Amino acid sequence: MSARTSLHLAAEIGGPPHYDAGHYLRLAGLAEDGALDYVTLGDSFARPGLDALAALARVAPATDRIGLVPAVTTTHTEPFHVSSAVATLDWVSRGRAGWQADVSTTEAEARLFGRRPAAPPAALWQEAGEVADVSGRLWDSWEDDAEIRDTATGRFIDRDKLHYVDFEGSTFTVKGPAIVPRPPQGRPVTVIDATTAPAREAAARHADVVHIRATTPEQAAAVRDEVLRTAAAHGRDPGSLRVLVALTVDLGDVETAPEPGLESGPRLAGRGTYFRGGPVDLADLIAQWHRAGAADGFHLTPITPERDLERIVNGTVALLQHRSLFRTFHPGGTLREHLGLVRPASCYAAARTAAKEA
């Protein structure tokens, strides 16, 4: 199957806060055994819990193939720090890092920092898009061969291959260059949940993977097409995006018939489409929607991670593999390779090459 027609699967491993690294190691290892593309770990300033990015940095050396995508709130957070932290995760995971950009909307969260009041969602997602933009430029600011490491001459870096980004956003400026060498993937994978209109615009401009929510395959296909059209209008190649349907799943204690259609399923507070049924039911839904061209895959959030992720991997995924609808092993070593996404060239290196050829 081509990268566009391949089925992609990912799962959330968060839930009630855990302060034992072994909990996340077990869940990530289980997802890796199922050859899932990546796991996400939610995070927010509005609830207690470990820092998602730091927790997955602990998971990285204990796993080999699974992509690791922590949620990173761009509001109240320094873009330079975001870029450096995600680049570091890509290094310690040997090219398996992504990050899910999110925003912080409440006054209570703003008071934790005391820098500024809460802002409207449109402004926050514009800022999040700018953070994604400047992060990409910072990752590019070291060309791939910028490091010389010549002990004989004492030269560590080719200064001509380090670049100032000189970025000015609506709420911040960044001069650069980065302090972390260019990540193994060039640019770690950017994921955005495009549930809201402002988030959808940011996703179309900057995301590599877009999570959408829909109650029918027709609705999912329509949202996906809208995202791809918007991306193309911004000069992006729609083939460089992957669109996954986000489902919150409750696989229960026994194999039961699902509620009659997602249309009548209960909506979770805030965001999310809810599926209740058994592992076989979920496999049938995924196969039906994917064959209908509704999306490139699914991002599954288990209601009870310890129970439902095991049933997803050993039930749903195993059945999809048996039907030859999902791979049995990871096709490469990096998250971009899992997703069928190319490693981008540094924009500064490309510009320098073009200038030489002009």
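Strands β9 and β10 pair in the parallel sense over three bridges, where pairing requires that DSSP finds at least two bridges between two strands. Helices (H or I, at least four residues) and strands (E, at least two) are DSSP runs, numbered from the N terminus. The structure is a predicted model, in which local features need pLDDT of at least 70 and side-chain atom pairs count only at pLDDT 80 or more, while totals for chains, interfaces and linings use all residues. Residues are numbered from 1 along each chain as its sequence is written, and side-chain values use heavy atoms, with hydrogens and water left out.

Together, β9, α6 and β10 make a right-handed β-α-β unit. The handedness is read with the strands pointing away from the viewer: a crossover is right-handed if the path from the first strand over the helix to the second runs clockwise.

How many of the five residues of β9 are buried? Five of the five are, with buried meaning under 20% relative accessible area, exposed over 50%, and partly exposed in between (1.4 Å probe, protein chains only). The cover extends to both faces of the strand: Val-189, Val-191 and Asp-193 are buried on one side, and Thr-190 and Ile-192 on the other.

Ile-192 leads on to Asp-208, which is 16 residues away in sequence and 8.2 Å away in space, C-alpha to C-alpha. Asp-208 lies in the loop between α6 and β10 and counts as buried because its relative accessible area is 10%. Its side chain meets that of Arg-336 in a salt bridge (3.5 Å, N to O). This pair links distant parts of the chain, as Arg-336 belongs to helix α10 (residues 335-339) and is 128 residues apart from Asp-208. Arg-336 is buried too, at a relative accessible area of 6%. A salt bridge is taken as a side-chain nitrogen of Lys or Arg within 4 Å of a carboxyl oxygen of Asp or Glu.

The search of the whole structure finds 20 salt bridges. One of them joins Asp-144 to Arg-182, with the closest N and O atoms 3.1 Å apart. Here again distant parts of the chain are linked: Asp-144 sits in the loop between α5 (121-140) and β5 (147-150), and Arg-182, 38 residues apart, in the loop between β8 (173-174) and β9 (189-193). Arg-182 counts as buried because its relative accessibility is 5%. Another salt bridge connects Arg-307 and Asp-308, whose closest N and O atoms are 2.7 Å apart. Arg-307 is partly exposed, at 21% relative accessible area, whereas Asp-308 is buried, at 0%. Salt bridges that share partners also join Asp-140, Asp-144, Arg-182, Arg-187 and Arg-343 into one network.

The side chain of Asp-296 makes a polar contact with the side chain of Arg-224 (3.4 Å). Such a contact is a pair of N or O atoms within 3.5 Å; within protein, one must be able to donate a hydrogen and the other to accept it, and residues adjacent in sequence count only if both atoms are side-chain atoms.

Turning to the aromatic residues, the search of the whole structure finds three aromatic pairs. Phe-167 and Phe-172 form a stacked pair, at 5.8 Å centre to centre and 20° between the planes; both residues are buried. Rings of Phe, Tyr and Trp (its six-membered ring) pair if their centres lie within 6.5 Å, and planes under 30 degrees apart count as stacked, over 60 as edge-to-face and the rest as tilted. Lys-175 lies over the face of Tyr-164, at 4.6 Å from the ring centre, the criterion being NZ of Lys or CZ of Arg within 6 Å of the ring centre and within 35 degrees of the ring normal.

Most residues other than glycine have a negative phi, and most peptide bonds are trans. The peptide bond from Gly-176 to Pro-177 is cis, with omega near 0°, and Pro-177 lies in the loop between β8 and β9. Ala-35 has a positive phi, near 65°; it is placed in the loop between α1 (21-33) and β2 (38-41).
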